[in-house]
Amino acid sequence: MDHMPVRRFHASPRPPRTIAVDGMDVTVTRKSIKNMYLRVRPADGGVEVSAPLRMGERQIVDFVRGRREWIARTQARLGELRERQQSAGAAGAVWTEDLVRQAETAIRAALPGLLAKWEPVIGRAPSHISLRIMTSRWGSCTPKTGRIRLNLQLGLLDPKFLESVLVHEMTHLWNTRGHGPEFQRRMDTYQPDWRQLKRELDRHPVMRRP
C-alpha cells in the first residue's frame, strides 16, 4: 500500500511587539519554544523576551518583573562597558592608571571561564598569560614555552574580542607555523567567524602609551 507522506508544519515566529512593564519597554518575540528567555542588548541596554506562542501577556509581565534586579545590574554593567569602549575607541586615547586597572580587572575576571571553555576544545593550555600595553598587535604566543601575551586594551573592548584573540593565540600552541593552512583549518573549526571578528577588532584605534 502506498503511503502519502505526512507534512509537518511549524508555526513561524510572530513579529516582535513592544509592551510596557512598570515603565520599561520590553520587546517580545513569540516563537515555537517551550520556555521564556530574557536578554539585555549589549548595544543599548534594551530588554528582549522570547516567549512561547500561546503564553499570555500577564505571564510575560510577571516573568520580567521577577528579574528586574538582574536587568538593572546587567544594564549598569553594560553601560560601564560601553563607556570603556568609547574611551578605548577614541582616536588618540591615552592610557591612564585607572584605565589600566579597569582593563586588568576585566581580563583577569574573564580568563578562568574562557580557559575552562576553550582548553578542552583546542586541546592545548597556555603555561602563562601576561597582559601588556601593545601598539602593534592584539596578542602573541611562544609555542615552545606555552606563553601567551594579550593586549591590555582587550579589557576595554567588547568581550567577544578578548575571547577571539585568546582562541587565536591558543591555536598557535599547536606550533602551526604562522597563519598557514593548518592554523586556518583549526580556527575555522574552533571559531568559524574568526576572520570577521579580526576585521572588526582591527578597526579599533590603538591607545597610546602615557
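Predicted model: local features only at pLDDT ≥ 70, side-chain atom pairs only at ≥ 80, totals over all residues.

Residues are numbered from 1 along each chain as its sequence is written, and side-chain values use heavy atoms, leaving out hydrogens and water.

The protein contains 6 helices and 7 strands, these being DSSP runs numbered from the N terminus (helices H or I, at least four residues; strands E, at least two). Along the sequence they are arranged as β-β-β-β-α-α-α-β-β-β-α-α-α. Of its 210 residues, 40% are buried, that is, under 20% relative accessible area with a 1.4 Å probe, protein chains only.

Helix α3 spans residues 97-122 and has a kink of about 35° at Leu111, shortly before the proline Pro112; the bend is the angle between axes fitted to the seven residues ending at a residue and the seven starting there. Leu111 is also among the buried residues of α3, which include Leu114, Leu115 and Trp118. After α3 comes Gly123, with a positive phi near 85°.

Helices α4 (residues 159-172) and α5 (residues 181-190) have axes that come within 10 Å and cross at roughly 135°, where axes are lines fitted to C-alpha atoms over the stretch in contact and angles run from 0 to 180 degrees between N-to-C directions. Their contact (heavy atoms within 4.5 Å) involves Val167, His168, Thr171 and His172 of α4 together with Phe183, Arg186, Met187 and Tyr190 of α5.

Note on methods. Buried < 20%, exposed > 50% of the residue type's maximum accessible area, 1.4 Å probe, protein only.
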